[in-house]
Amino acid sequence: MAPTYDVIVLGLGGMGSAAAHHLAARGARVLGLEKFGPVHHRGSSHGGSRITRQSYFEDPAYVPLLLRAYELYGKLERDTGRPIATLCGGVMVGRPDSRTVRGSLASARQWDLPHEMLDAPEIRRRFPTLAPAADEVALYEARAGFLRPENTVAAHLQLAVRDGADLHFEEPATRWEELPGGAGVRVHTHENAYTAGQLVICPGAWAPDLLTDLGVPVSIERHLMYWFAPEGGTAPYTADRHPIYIWEDPRGVQIYGFPAIDGPGGGAKVAFFRNGTACTPDTIDRTVHDHEVRAMADQVAPRLPTLPGRFLKAATCMYSNTPDEHFVITRHPAHPDTTTVACGFSGHGFKFVPVVGEILADLALTGTTAHPIDLFDPRRRAASPA
Ligand SMILES: Cc1cc2nc3c(=O)[nH]c(=O)nc-3n(C[C@H](O)[C@H](O)[C@H](O)COP(=O)(O)OP(=O)(O)OC[C@H]3O[C@@H](n4cnc5c(N)ncnc54)[C@H](O)[C@@H]3O)c2cc1C
């Protein structure tokens with residue numbers, strides 16, 4: 001019997017919602033299965049804002065994907081009318097030899113991206129809220145800014161439904177298997193079993209449950225996002241005058257933050273980048289502890305002296321980390337004819353969401369993609385000990 005769907009997308013968070021959109025837009029019969037409701041706050045794609053930038057310190061190999069993601073984010077806004085991207089500019093701050101500054105500059109030079117290098121007095125002159133040390137510099141990128149994650153997911157879901165996708169919420173997939181004779185896959189839920197020619201798995205922090213035989217370990221970390229009401233009000237922090245920032249201290253600890261984007265009472269968001277604690281989606285501690293708020297305020301105070309004025313709130317979120325912090329986007333090594341996987345986004349995946357959706361649609365429908373994704377092959381670990 002012919003399968004009911006061309007493609008089942010498992011997980012409709014950031015990556016899965018984008019995949020469902022791109023697949024449906026190409027005429028595929030799509031079923032999306034999501035454990036929770038639409039645009040929920042229990043995975044990795046919530047919290048009101050995500051940084052986007054192009055001078056990518058993690059690796060210059062990401063830059064072509066970012067250029068395409070910027071195009072697709074623009075199209076997503078135009079197609080849905082939802083506000084998603086604000087390019088308020090961004091500074092990557094640290095000592096000149098820090099990973100943040102050195103790596104951003106390497107990407108900018110390799111890809112000829114517009115940027116400026118600012119010394120400490122110039123940083124303070126342009127952005128009076130920032131107080132760099134005398135030996136710190138910044139790469140300024142006018143095309144950096146922030147994305148609205150909830151609007152992004154909602155927009156992709158909206159377009160997927162417009163193009164005929166069946167999206168089932170509150171219906172977790174419990175298991176899946178390949179059908180004999182190359183007939184596709186079957187995905188089970190508590191209610192039903194569905195068949196399709198192809199399966200796309202975008203499980204976020206549930207990757208360790210669903211993708212045990214991938215060949216790359218994915219470890220889950222609890223992270224916090226903090227909102228503070230700046231001393232003296234949010235006026236100096238509004239997006240027309242304040243950049244996003246990633247700031248690396250001499251020990252290599254990075255914080256990142258945003259302008260005040262939620263009105264005078266909404267404060268400004270700041271967080272540590274990559275210093276989470278191990279967790280699972282079932283056991284994550286959602287309580288925010290006083291010592292955590294103090295540690296955040298202490299790290300911010302010397303750098304943005306007016307920011308940790310008054311603590312407003314904090315929220316938890318999960319990173320899904322690979323050992324080298326590069327993504328996994330691939331045909332499933334054990335099921336290469338039927339199954340495509342996207343996971344291990346290691347705390348920096350959101351800015352890529354629409355281009356990942358495009359890549360997943362390519363892989364599911366044609367088995368290959370023209371996008372450069374060698375860095376995301378799970379077999380890279382043999383070559384890269386990082
Ligand atoms: C605090 C924090 C800050 C971040 N900041 C940035 C940033 O500034 N810039 C940036 O680019 N990136 C950032 N990231 C990373 C980015 O947000 C993530 O890489 C991205 O959201 C991951 O998307 P995802 O689709 O993999 O996961 P999710 O969006 O969590 O989606 C996974 C989905 O799969 C569903 N699911 C799981 N199991 C099942 C099942 N069995 N059946 C059905 N559905 C299932 C889940 O319910 C979930 O909806 C940040 C992440 C965090 C946590």
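Guide: Begin with a network: salt bridges link Arg53, Glu58, Arg99, Arg274 and Glu325. Keep in mind that this is a predicted model.

Visitor: How many salt bridges does the structure hold?

Guide: There are 21 salt bridges in the structure.

Visitor: How far apart are the closest N and O atoms of Glu325 and Arg274?

Guide: A salt bridge needs the side-chain nitrogen within 4 Å of a carboxyl oxygen. Between Glu325 and Arg274 the closest N and O atoms are 3.5 Å apart, and the two form a salt bridge. This pair links distant parts of the chain, 51 residues apart: Glu325 is in the loop between strand 18 and strand 19, and Arg274 in the loop between strand 16 and strand 17.

Visitor: Is Arg274 buried or exposed?

Guide: Buried means under 20% relative accessible area. Arg274 has 18% relative accessibility, so Arg274 counts as buried. Glu325, at 24%, is partly exposed.

Visitor: Which residue forms a salt bridge with Arg222?

Guide: Glu292 does, with the closest N and O atoms 2.7 Å apart. Arg222 is buried at 8% relative accessible area, and Glu292 is buried at 14%.

Visitor: What does Arg148 pair with?

Guide: Arg148 forms a salt bridge with Asp262, where the closest N and O atoms are 3.3 Å apart. The two residues are 114 residues apart and sit in loops, Arg148 between strand 8 and helix 5, Asp262 between strand 15 and strand 16. Arg148 is partly exposed at 21%, and Asp262 is partly exposed at 42%.

Definitions and conventions: Residues numbered from 1 in each chain as written. Predicted model: local features only at pLDDT ≥ 70, side-chain atom pairs only at ≥ 80, totals over all residues. Heavy atoms only, no water. Helix = DSSP H or I, 4+ residues; strand = E, 2+ residues; numbered from the N terminus. Buried < 20%, exposed > 50% of the residue type's maximum accessible area, 1.4 Å probe, protein only.
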